[in-house]
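Work through the following exercises with the sequence and the model open side by side. Each task is followed by a solution that goes step by step.

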Amino acid sequence: MLPIVLIAGVVIYREGKGSEALPKQFSPLSLVAIAAYKVNSGAFPEREIVSMTPERKQARAIVLLVDESIRSDFVSLEPRNPVTPQLAELRSRLIDFGPAVSGSNCSLQSNALLRFMAYPRDLIQSVRASPTVWQYAKRAGYRTVFIDAQAGFVTVYGKLQNYMTPAEAISIDRFYKLDNAIRTHDLDDELVNIVLKEMSVGDPVFIYANKNGAHFPYSDGSPAEFASDAGTSGTLQSYANAVRWSTDRTLSGLIDGADWRDATMIYTSDHGQNSASAVSRTAVHIRM
């Protein structure tokens with residue numbers, strides 16, 4: 001019993017990992033015991049159904065683009081700013097709602113709060129029982145698409161990102177996972193390609209896309225030869241490079257490359273980064 005209990009403790013402490021190198025004769029029993037406990041103790045109420053009914057024609061396409069670790073003070077629509085100059089050139093096509101406070105200082109909770117449509121007045125219950133963003137989209141007649149450009153962070157086979165559950169994943173019509181087979185600084189280019197492809201289908205579509213953004217190590221967020229003129233050095237320079245490469249460049253390309261007639265995009269980020277305030281930038285791409 002002792003090795004079974006110890007291995008179970010390691011797996012729980014490491015959130016599902018840690019059993020690989022431990023004695024094989026005891027690991028299966030430990031995992032079965034953990035799974036049985038979770039199944040019996042982890043009951044959740046069924047999610048509510050969407051009671052709202054669309055009363056007017058909806059936009060043809062809605063894109064909710066959630067960036068990774070982008071601080072609001074690194075995104076500017078001021079002309080000739082050093083980090084996001086391409087977005088600044090498109091400012092006439094954007095509505096800037098200013099800084100938005102993230103629900104958490106971690107991607108996992110911030111994205112879960114968005115997808116599960118939680119609200120502060122009853123946070124715990126609403127996270128567990130509110131209709132998901134996918135339910136609202138389908139109620140409005142949209143085909144649903146999820147693009148995960150952060151899947152390379154997951155090292156456990158079969159585990160989903162940002163507290164997504166299997167039941168939630170099954171409810172999505174098209175699910176894309178971009179893993180570490182793609183170079184880190186190319187992930188957001190592939191994400192943009194998928195968004196353009198899904199929007200070109202022409203049917204009503206709701207797309208929720210998790211960008212790779214500027215997650216640390218920041219040096220992986222842009223090619224080695226790429227540099228922005230942000231007037232910084234060291235870590236801050238690497239971060240500015242990642243923001244300009246993966247956010248300014250790719251987001252501008254998406255705005256220019258898609259047909260935004262009768263379509264809209266909401267851009268935000270899931271949190272700030274490393275001891276910074278958890279404040280992100282939110283902007284809405286208006287219909288053309």
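**Exercise 1.** Determine which helix gives the largest share of the lining of the second largest cavity, and describe that lining.

*Solution.* The largest share, four residues, comes from helix 9, where helices (H or I, at least four residues) and strands (E, at least two) are DSSP runs numbered from the N terminus. This is a predicted model, in which local features need pLDDT of at least 70 and side-chain atom pairs count only at pLDDT 80 or more, while totals for chains, interfaces and linings use all residues. Residues are numbered from 1 along each chain as its sequence is written, and side-chain values use heavy atoms, with hydrogens and water left out.

The cavity in question has a volume of about 40 Å³, a volume being the space filled by probe spheres set on grid points joined across faces, edges and corners. On a 1 Å grid over the protein atoms alone, a cavity is a set of points where a 1.4 Å probe fits but cannot get out, a pocket is an open set with protein on both sides within 12 Å along at least five of seven lines, and lining residues have an atom within 4 Å of a point. Among the lining residues are Asp188, Asp189, Trp245, Ser246, Arg249 and Thr250, and the elements that give two or more residues are helix 8 (187–200) and helix 9 (234–257). The lining divides into two nonpolar, seven polar and three charged residues; Ala, Val, Leu, Ile, Met, Phe, Trp, Tyr, Cys and Pro count as nonpolar, Asp, Glu, Lys and Arg as charged, and the others, Gly among them, as polar.

**Exercise 2.** Describe how helix 8 and helix 9 pack, beginning with their angle.

*Solution.* Their axes lie 10 Å apart at an angle of about 15 degrees, the axes being lines fitted to C-alpha atoms over the stretch in contact, with angles from 0 to 180 degrees between N-to-C directions. Helix 8 is therefore roughly parallel to helix 9 (under 35 degrees; over 145 is roughly antiparallel, 65 to 115 roughly perpendicular, and the rest oblique). The contact (heavy atoms within 4.5 Å) includes Asp188, Asp189 and Val192 of helix 8 and Trp245, Ser246 and Arg249 of helix 9, and its residues divide into five nonpolar, three polar and three charged.

**Exercise 3.** Describe the second largest pocket by its volume and central residues.

*Solution.* The volume is about 840 Å³. Of the 35 lining residues, the closest to the centre are Leu64, Leu114, Met117, Val133 and Ile266, and the lining as a whole divides into 21 nonpolar, 10 polar and four charged residues.
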